[in-house]
Amino acid sequence: MKILSAAQTRQADACTIQEEGISSTDLMERAAKAFTGWFENKFQSGTEVHVFCGPGNNGGDGLAVSRLLHERGHRVQPYLVGDLSKASDDFNANLKRLPQELQPIRVQDAAAIPALSKSAFIVDALFGTGLNRPVTGLYAQVINSLNSSGATIASVDIPSGLYTDSQTPEEGAIIRAHCTATFELPKLAFLLPQHEQFVGEWHVVPIGLSEEFILGAPTNFFCTTQEDIQQLLKPRRKFSHKGMYGHALLLCGGYGKMGAAVLAARACLRSGVGLLTVQVPQAGYSILQTAVPEAMTLTDKNRRHLSELPQGVEKYDVIGVGPGIGTERVTKTAIGQLLATSSHPLVIDADAINLIAASEKLKAQLYKKKLIFTPHPKEFERLVGKVKNDYDRLQHLREFCMEYKCYVALKGSHTAIGTPEGKVYFNTTGNPGMATGGTGDVLTGIITALVGQQYTLEEACRLGVYVHGLAADLALQTVGEIAMTASDVIDHLPRAFLHLTQPMP
Ligand SMILES: NC(=O)C1=CN([C@@H]2O[C@H](COP(=O)(O)OP(=O)(O)OC[C@H]3O[C@@H](n4cnc5c(N)ncnc54)[C@H](OP(=O)(O)O)[C@@H]3O)[C@@H](O)[C@H]2O)[C@@H](O)CC1
Ligand SMILES: Nc1ncnc2c1ncn2[C@@H]1O[C@H](COP(=O)(O)OP(=O)(O)O)[C@@H](O)[C@H]1O
Ligand SMILES: [K+]
């Protein structure tokens, strides 16, 4: 699913109106109905709803929502905020359509807002994607007052004051919504951790914008949907054998961190790899053989750390390296050898990233390789330097991938997958139960297995990250967020793959 800019969203609205031969008021009615349906579904009926409307079309939506909620039996109070001399035509049309009983309150001073009960609902329709400067003055006072009211805030399209696709200036006030229903497509701002406090839980509500326009609109940003992933999955062939699903090598584990190798290996095997060899320091031999009998185990000459590559490293179809390996000098030498000798795809995680990040010599060896990096945000900053904010991080992600022609799965709540073409795919599965040691090792194992099965590097990243989060979402039903461990995620990989391979409805 594409993510469009604010400007493209306006064009999509205009194009839809022209294509369908409808008026902009008709499209607004559609948007208001979609919001109202979502709101009622979420909050049930009979509630007290205060709708705050700004002067533009977002405010117009608010007025239409007020009318529709009133018709459906809610106790509704609309508010008109600010200078109405500039009100949009569709705002005015919807103001006229308000029934007699709904007398709006004019707010020209934040003091005009009555105290709202904590059980009340606020619909935030002050500004949408047409915001063109930071919110200050009266509007900021209103926003601050609503934020501190304690009532539940539901934003129409986007929390008012938040920029859709670029950094909101610090001086601008922003609504802190509990939830947001956005029209047709997710907005880039929703996917960034720095906006969690503003956006809350968000949902996309379709309003039938022009498919043709969306299809042709250029963008670098996408959200991965289940449908996208189901189209990527390759069924196993009846006469296939293990040799057709790749022989993967994992270089993982170190003294005291052999669990990282076990987790990556178990996840790799649960993700369909044909054969798996794991090389661990000598101290890990019995651990691996006992914990993961399906994997072949090689030992390093070093007792505690990775220090060498196995013989015949070229025979493996893919190599996953990093979890638990530490940053000893001997390990750095081994990573250097790996980058120098292997022509096969590498999945590079954890301390392998840290070692590369700290060495210009190793970085210089990254060119012309088939590489996937799976850093968390700290590891990513070690690679690219300190970032200023989440937009800056995205820009660094795109530049790093374009420079080294590599893939990076930048992990987080919405893991962002950067590609050599400068595109970014945001993941939509996963939950905070995954914020626990070892879940990243699981991801390394999954992606390594998928590359081994001849998925392209891009497919392996998107599918791997999606199924990793899906397994955790399925684990929620039995273990919940608090008790979830990395092993629970592995244990739910079978259900996650089953879920994806079942026929689409
Ligand atoms: N187009 C369609 O058909 C559909 C659109 N839809 C809905 O429309 C929304 C977009 O509407 P929009 O483009 O009218 O912009 P909107 O967000 O209401 O704000 C613009 C107004 O605010 C003002 N203003 C801006 N920044 C300001 C600031 N910091 N402080 C103070 N004022 C500021 C600006 O005035 P000016 O810049 O001239 O001062 C102008 O008056 C979209 O999110 C969706 O909800 C849906 O109904 C589907 C159909
Ligand atoms: N709040 C969250 N919501 C969704 N996914 C999360 C959340 N926190 C962490 N994750 C996922 O969990 C994994 C954590 O990886 P990482 O930090 O490398 O852990 P470790 O190094 O302990 O294995 C990543 O895939 C990340 O996307
Ligand atoms: K809004």
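A residue is called buried here if 20 or more other C-beta atoms lie within 10 Å of its own, exposed if 12 or fewer do, and partly exposed in between, with C-beta atoms placed from the backbone. The structure is a predicted model, in which local features need pLDDT of at least 70 and side-chain atom pairs count only at pLDDT 80 or more, while totals for chains, interfaces and linings use all residues. Residues are numbered from 1 along each chain as its sequence is written, and chains are lettered from A and ligands numbered from 1 in the order in which they are written.

The protein chain is assigned domain 1 (6-219) and domain 2 (226-500), with bounds that come from an automatic or database domain assignment. Their centres, taken over C-alpha atoms, are 41 Å apart. Six residues of domain 1 and seven residues of domain 2 make up the contact between them, where contact means that C-beta atoms, placed from the backbone, lie within 7 Å.

D124 sits in strand β4 (residues 121-125); strands (E, at least two residues) and helices (H or I, at least four) are DSSP runs numbered from the N terminus. D124 counts as buried because it has 30 C-beta neighbours inside 10 Å. Leaving aside residues up to four places away in sequence, D124 touches residues including F52, L146, V156 and S160. S160 itself lies in the loop between β5 (152-156) and β6 (179-183), and 29 C-beta neighbours inside 10 Å are why S160 is buried too. With the sequence limit of up to four places again applied, the contacts of S160 include G54, D124, F127 and I175.

Elsewhere, an open sheet of 10 strands runs in the order β8-β17-β16-β15-β14-β13-β12-β9-β10-β11, with mixed pairing; two strands pair if DSSP finds at least two bridges between them. Its edge strands, β8 (221-223) and β11 (296-299), each pair on one side only. Within this sheet, β16 (residues 416-418) and β17 (residues 424-426) run antiparallel and are joined by three bridges, and A416 has F426 as its bridge partner in β17.

Notes. Contact = placed C-beta atoms within 7 Å.
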